[in-house]
Amino acid sequence: MGIIEKMRLDGKKIFVTGGARGIGKSVATAFAEAGADIAIVDLDIDEATKTAKELEENNGIKSIAIKADVTNPKDVSAMIDTVLENFGRLDVAFCNAGICLNIPAEEMTFEQWKKVIDINLTGVFLTAQAAGKVMLKQGGGSIINTASMSGHIVNVPQPQASYNASKAGVIQLTKSLAVEWATRNVRVNCISPGYIGTELTLNSPSLKPLIEQWNEMAPLKRMGRPEELQSICVYLAGDTSSFTTGSDFVIDGAFTAI
Ligand code: NAD
C-alpha cells in the first residue's frame with residue numbers, strides 16, 4: 001500500500017467541535033473525503049445540520065449533527081453518548097470550537113474574560129477529556145486541538161489578552177495530555193494557525209478593518225485559507241502519524257518566523 005492509501009481514514013469515527021463552519025467545517029470535509037464518518041458538534045444546530053448533510057451527499061459517508069456547548073460538561077457527556085450510539089466507537093476528536101473578543105485588558109469584564117477562557121481552553125479540556133476517556137478504554141485514538149499562532153506571539157494591533165492566554169493554554173494542555181496518555185496509545189497534538197479567512201476574521205467588525213495591516217506584516221502578504229489546514233489534520237488523524245504526539249504545528253505562512 002502506498003503512503004497516500006495509508007493516510008486514508010476509511011471507517012474512522014470522528015467528532016469535530018465548531019464543525020458547522022470555518023476551519024472546523026473545512027477539516028471535517030477533508031476527513032469525510034478521506035473516508036471517515038463525522039459528527040458535527042456545534043452550538044448552531046441549523047448550520048451543523050446543513051454541513052452534515054453536505055458531507056453525506058458529497059462523500060457517501062455517515063454524518064450527524066449534534067447540538068452542544070463545549071463549556072457545559074453535561075452537553076459534552078451527552079454529545080459523546082450520541083457519537084457512541086451512532087458510530088459505536090470514537091477514533092479521532094478535533095477539539096476546535098473557539099471565539100475571539102478584542103477588548104483592551106483594562107476594560108475587560110470578568111464575564112468577558114471567563115467567556116473566552118471557558119470556550120477556548122476549558123471547552124478544549126472538556127471535549128478532549130471526554131474523548132480521551134473513550135479512547136483509553138478502546139485502546140487508542142487521536143486528539144487534535146485548535147490552538148493558534150496567538151499562543152506563541154502577541155498579535156497586533158488588536159487587544160486580545162484573553163484569546164492569546166487561552167491559546168497558549170491549549171498548547172500546554174495538549175502537551176500535558178499527550179504525556180499522560182502516551183503509553184496508552186492516545187495521541188494528542190494541536191495546530192496553531194496564522195490568520196485564516198473565516199467568519200471569525202472576515203466578518204468580525206473589530207478584526208475586518210485590520211486585514212490589510214496583517215497582510216502587510218505577513219511574509220506571504222495574505223491570510224491563509226481554511227483548506228490550507230486540511231492535510232495536516234488528516235495526517236494527525238490517521239495511522240501514519242503514530243510517532244507524532246505532544247506536537248504543535250504552526251501553520252502561519254511564516255508569520256511568527258519574523
Ligand atoms: P468560526 O467563528 O468561523 O467558527 C467557530 C464555530 O464554533 C462556529 O460554528 C460556532 O458556532 C462554534 N462555537 C462557538 N462557541 C461554541 C461553543 N461554546 N460550543 C460549541 N460550538 C461553538 O471560527 P474559525 O475561524 O473557524 O475558528 C475555529 C477555531 O480556529 C477557533 O478555535 C479559533 O480560535 C481558531 N483559530 C482561528 C483563526 C482564524 O484566523 N480564523 C486563527 C487561528 C486559530
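1. What covers the buried residues of helix α3 includes α2 (22-33), β2 and β3, where contact means heavy atoms within 4.5 Å. Helices (H or I, at least four residues) and strands (E, at least two) are DSSP runs, numbered from the N terminus. Buried stands for under 20% relative accessible area and exposed for over 50%, with partly exposed in between (1.4 Å probe, protein chains only).

2. This is a predicted model, in which local features need pLDDT of at least 70 and side-chain atom pairs count only at pLDDT 80 or more, whereas totals for chains, interfaces and linings use all residues. Residues are numbered from 1 along each chain as its sequence is written, and side-chain values rest on heavy atoms, with hydrogens and water left out.

3. Helix α3 covers residues 45-59, and its end C-alpha atoms are 21 Å apart, which agrees with the 21 Å that its 15 residues should span at 1.5 Å a residue; the expected span is 1.5 Å times one less than the number of residues. Ala48, Thr51, Ala52 and Leu55 are its buried residues. Seen down the axis, they fall within an arc of 100 degrees, so they line one face of α3, the arc being that of the directions from the helix axis to the C-beta atoms. An α-helix has 3.6 residues a turn, so residues three or four places apart point the same way. On the face of α3 turned away from the buried side are the exposed residues Asp46, Lys50, Lys53, Glu57 and Asn58.

4. Both ends of α3 have a local feature to check. At its start, a side-chain oxygen of Asp44 comes to within 3.4 Å of the backbone nitrogen of Asp46. A polar contact is a pair of N or O atoms within 3.5 Å; within protein, one must be able to donate a hydrogen and the other to accept it, and residues adjacent in sequence count only if both atoms are side-chain atoms. Just after α3, Gly60 adopts a positive phi of about 65 degrees.

5. Helix α4 (residues 73-87) likewise deserves a look from end to end. With 15 residues, α4 reaches 21 Å from its first C-alpha to its last, close to the 21 Å expected at 1.5 Å a residue. Val76, Met79, Ile80, Val83 and Phe87 are the buried residues of α4. They cover an arc of only 100 degrees around the axis, which puts them on the same side of α4. These buried residues pack against β1 (13-17), β2 (37-42), β3 (63-67) and α5 (110-138), while the face of α4 turned away from them carries the exposed residues Lys74 and Glu85. At the start of α4, a side-chain oxygen of Asn72 reaches to within 2.9 Å of the backbone nitrogen of Lys74, and just after the helix Gly88 has a positive phi of about 85 degrees.

6. Which residues are closest to the ligand? The ligand is surrounded by 27 residues, the closest being Arg21, Asp42, Tyr163, Ile196 and Thr198; a residue is near a molecule or strand if one of its heavy atoms lies within 4 Å of it. For Val70, a backbone N or O atom lies 3.1 Å from a nitrogen atom of the ligand. An oxygen atom of the ligand is 2.9 Å from an N or O atom in the side chain of Lys167, and an oxygen atom of the ligand is 2.8 Å from a polar backbone atom of Ile196.

7. The structure holds zero disulfides, a disulfide being a pair of cysteine sulfur atoms within 2.5 Å. Cys95 is in no disulfide, with the nearest cysteine sulfur, that of Cys190, 11 Å away; Cys95 counts as buried, at 1% relative accessibility. The sulfur of Cys233 is 11 Å from the closest cysteine sulfur, in Cys190, which is too far for a bond, and Cys233 is buried, with a relative accessible area of 0%.

8. Most residues other than glycine have a negative phi, and most peptide bonds are trans. A cis peptide bond, with omega about 5 degrees, joins Val156 and Pro157, and Pro157 lies in the loop between β5 (141-146) and α6. Although not a glycine, Asn185 has a positive phi of about 70 degrees; Asn185 sits in the loop between α6 and β6 (186-193) and is partly exposed, with a relative accessible area of 48%. Lys221, also not a glycine, has a positive phi of about 60 degrees; Lys221 lies in the loop between α8 (211-217) and α9 (230-237).
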